[in-house]
Amino acid sequence: MRKEHVVMVPDFREGNPYQSLLANHLSDQDVQVSFDKLPLGYFPFSELSKQHPDATIIHLHWLSPILFVLSWTSSPFKAKLRGLLLALDCLWLRLRGKKIVWTVHNKFSHENFDRTVELFVRRLLVKSVSNIIVHSQSAADRLAEAYGMPALKGKAKVIFHGNYEGIYPRPASDRDALLKTKNIPPEHTVILSFGMLRPYKGIDKLAELFASGKVPDHIHLLIMGKADNEDYAASLQTVCDKADNVHLTLGFLTDEALADWLGAADMVAVPFSDTLTSGSVLLAMTEGKALLLPELSKVFDCVPDEGALFYTDEDDMVRQLAGLSASDVAKMGEANKAVAHKMNWPDVARLTAELYQR
């Protein structure tokens, strides 16, 4: 296998170990990885290639920097024109012997970009890049349908998202002592939702359901993370103050704190459904936690049916939670941990390196 030099963009390693884990294990496959931001000009791939002349591959992950630039244009027509130049830039670089690999993490960006423009750009990139990576076959199917491009399924390579074994510290605090700080009796059930708190994730809707009194009082929702903005934080706080079984902790969550609260939780809730993969789900599975997920989360293709409560709507969620036992939760966590153990990063890196060689 020849040595490859890959530039990964954009560099989103801060607060998310995904790219670092991939790069570290790619080094074992004799792949050199550099990180950079996407240049903001009309031909970002060519500019990036100039900055990294030895790089043979540009590995694109998230489109948000590109879409931010397009959103600055004065009209959708001009934005689409810049999108066309982006695709031509991609094709030009490929003609010069370079490769552009795109891992499609989301069907659409979570920011409020012009959906028509974004779809136009995404369709162009699907046709222009060398290879596409998705984390599940269901994701490829959903993308093909959303973009109206059945051929995407043939171009996409499924490479699963790796687990988080050994990445986070072990819990250092006693469960009962932690729960006491939130006035939660130790025999009660704790459902944790963690990470960046943003409107698209649906955490506010989950909090409202718990605060409505429909969920049994012995089941607690614990929300922890940094809010997207002050107004959203205030609205979450208002909802959480309505009930004793909803608890909000705002602010950046250290790895140590996350490990402690994951250890104390019985279940992890990831309520957002319009996404193709979730690091939070993989972390919960790695730690042997049961999951509370919307039915559409089955797109991840990694959560076993016996590892989660998949709900279709709020009433379905309440019904399933009401019938949940401690034994059920334990079995769900065990099933998830067994599956996550097989999703190792050496295999992810090997499959990715093989794709680079194609």
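Arginine 13 lies over the face of phenylalanine 35, at 3.9 Å from the ring centre. A charge counts as sitting over a ring if NZ of Lys or CZ of Arg is within 6 Å of the ring centre and within 35 degrees of the ring normal. Arginine 115 is placed over the face of phenylalanine 108, at 4.0 Å from the ring centre. The model is a predicted one, in which local features need pLDDT of at least 70 and side-chain atom pairs count only at pLDDT 80 or more, while totals for chains, interfaces and linings use all residues. Residues are numbered from 1 along each chain as its sequence is written, and side-chain values use heavy atoms, with hydrogens and water left out.

The structure also holds seven aromatic pairs. Rings of Phe, Tyr and Trp (its six-membered ring) pair if their centres lie within 6.5 Å; planes under 30 degrees apart count as stacked, over 60 as edge-to-face and the rest as tilted. Two of the pairs are listed here.

| Pair | Centre distance | Plane angle | Class |
|---|---|---|---|
| Phenylalanine 12 and tryptophan 62 | 5.3 Å | 25° | stacked |
| Phenylalanine 108 and tyrosine 147 | 5.8 Å | 65° | edge-to-face |

Phenylalanine 12 lies in the loop between strand 1 (4–9) and helix 1 (18–26), and tryptophan 62 in the loop between strand 3 (57–60) and helix 3 (64–71), so the pair ties together parts that are 50 residues apart in sequence. Helices (H or I, at least four residues) and strands (E, at least two) are DSSP runs, numbered from the N terminus. Phenylalanine 12 is partly exposed at 33% relative accessibility, whereas tryptophan 62, at 15%, is buried. Buried means under 20% relative accessible area, exposed over 50%, and partly exposed in between (1.4 Å probe, protein chains only). Ring pairs link Phe12, Tyr18, Trp62 and Trp345 into a cluster.

Phenylalanine 108 and tyrosine 147 are both buried.

Six strands form an open sheet with parallel pairing, in the order 9-8-7-10-11-12. Two strands pair if DSSP finds at least two bridges between them. Strand 9 (246–250) and strand 12 (308–311) are the edge strands, each pairing on one side only. Within the sheet, two bridges join strand 7 (residues 189–194) to strand 10 (residues 267–269), and isoleucine 191 stands opposite methionine 267 in strand 10.
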